[in-house]
Amino acid sequence: MGFGRVAARRFFDRPVLDVARDLLGRLLVHEVDGAVVAVRLTEVEAYAGGHDPASHAFRGPTARNAVMFGPGGHAYVYFTYGMHYCVNMVCGPPGAASAVLLRAGEVVAGADVALARRGRGPERDLARGPARLTKALGIDRDCNGADVTAAASPLRLHVGTPVADDVVRRGPRVGVNAAHDLPWRMWVDGDPTVSVYRRHVKRTR
DNA sequence: CGGCTGATTGCCT
DNA sequence: GGCAATCAGCCGA
């Protein structure tokens, strides 16, 4: 309501790199307890399931990554670093276990709610980074497995406005150790809500 | 901006 | 037991 139609199932039933590129400019909407926040996606990363050493699905199905092995168009939410949630869109045919990490976006509705959840500004940073994005949208474990193609789902992907080819930039994935040479991060060139690149850092103790 | 560190918990080897 | 698809705070250039 107010955000146009939701994406079709077949949108996600394609190669993960195609889906990743086409997710830019789309709207992720989360509606809970009457509060609505919408984010226009400006940065994503592709993870190619069983063939990708950086993917959570690389070593086969587990309790955590089970959703990745299911049909496309569902949200895969995981908890990391003891405090953060990140959200992916599962894509490809069932079993492919490929997914697109939603890294950043522009809050286009519900900025007041997003700001209250995040507890700090500025507005351009509300969803600038994968954990900030889930925080702003109020996404947590309850959203794992949500069907984002269902108009009645609290978490949905709306068609929005796709971006032109000449503004799509690509580079290595952020904070990833394995396969750091693959340019599978994609973002909208020049958009201030795109996160800053960080190399993977090995931690001591 | 680049670089480093602490925080904090679930998951997998 | 090791470490993670991160973030915030701080420092230096």
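Helix H3 (residues 111-118) and helix H4 (residues 130-137) cross at roughly 115°, their axes coming within 7 Å. This is a predicted model, where local features need pLDDT of at least 70 and side-chain atom pairs count only at pLDDT 80 or more, while totals for chains, interfaces and linings use all residues. Residues are numbered from 1 along each chain as its sequence is written, chains are lettered from A and ligands numbered from 1 in the order in which they are written, and side-chain values use heavy atoms, with hydrogens and water left out.

- Helices here are DSSP runs (H or I, at least four residues), numbered from the N terminus.
- Axes are lines fitted to C-alpha atoms over the stretch in contact, with angles from 0 to 180 degrees between N-to-C directions.
- H3 brings Ala114, Arg117 and Arg118 to the contact, and H4 brings Arg132, Lys135, Ala136 and Leu137 (contact means heavy atoms within 4.5 Å).
- By class, that makes 3 nonpolar, no polar and 4 charged residues.

**Around DNA strand B**

- The residues around the strand (a heavy atom within 4 Å) are Arg59, Thr62, Arg64, Phe79, Tyr81, Gly82, Met83, Arg141, Val196 and Arg203.
- Of the atoms of DNA strand B that come within 4 Å of the protein, 50% belong to sugar and phosphate.

- Polar contacts are pairs of N or O atoms within 3.5 Å.
- The side chain of Thr62 has an N or O atom 2.5 Å from a phosphate oxygen of DNA strand B.
- For the side chain of Arg141, the distance from an N or O atom to a phosphate oxygen of DNA strand B is 2.9 Å.
- Tyr81 uses a backbone N or O atom, 2.3 Å from a base oxygen of DNA strand B.

Definitions and conventions: Polar contact = N/O pair within 3.5 Å; in protein donor to acceptor, adjacent residues only side chain to side chain. Helix = DSSP H or I, 4+ residues; strand = E, 2+ residues; numbered from the N terminus. Nonpolar A, V, L, I, M, F, W, Y, C, P; charged D, E, K, R; others polar.
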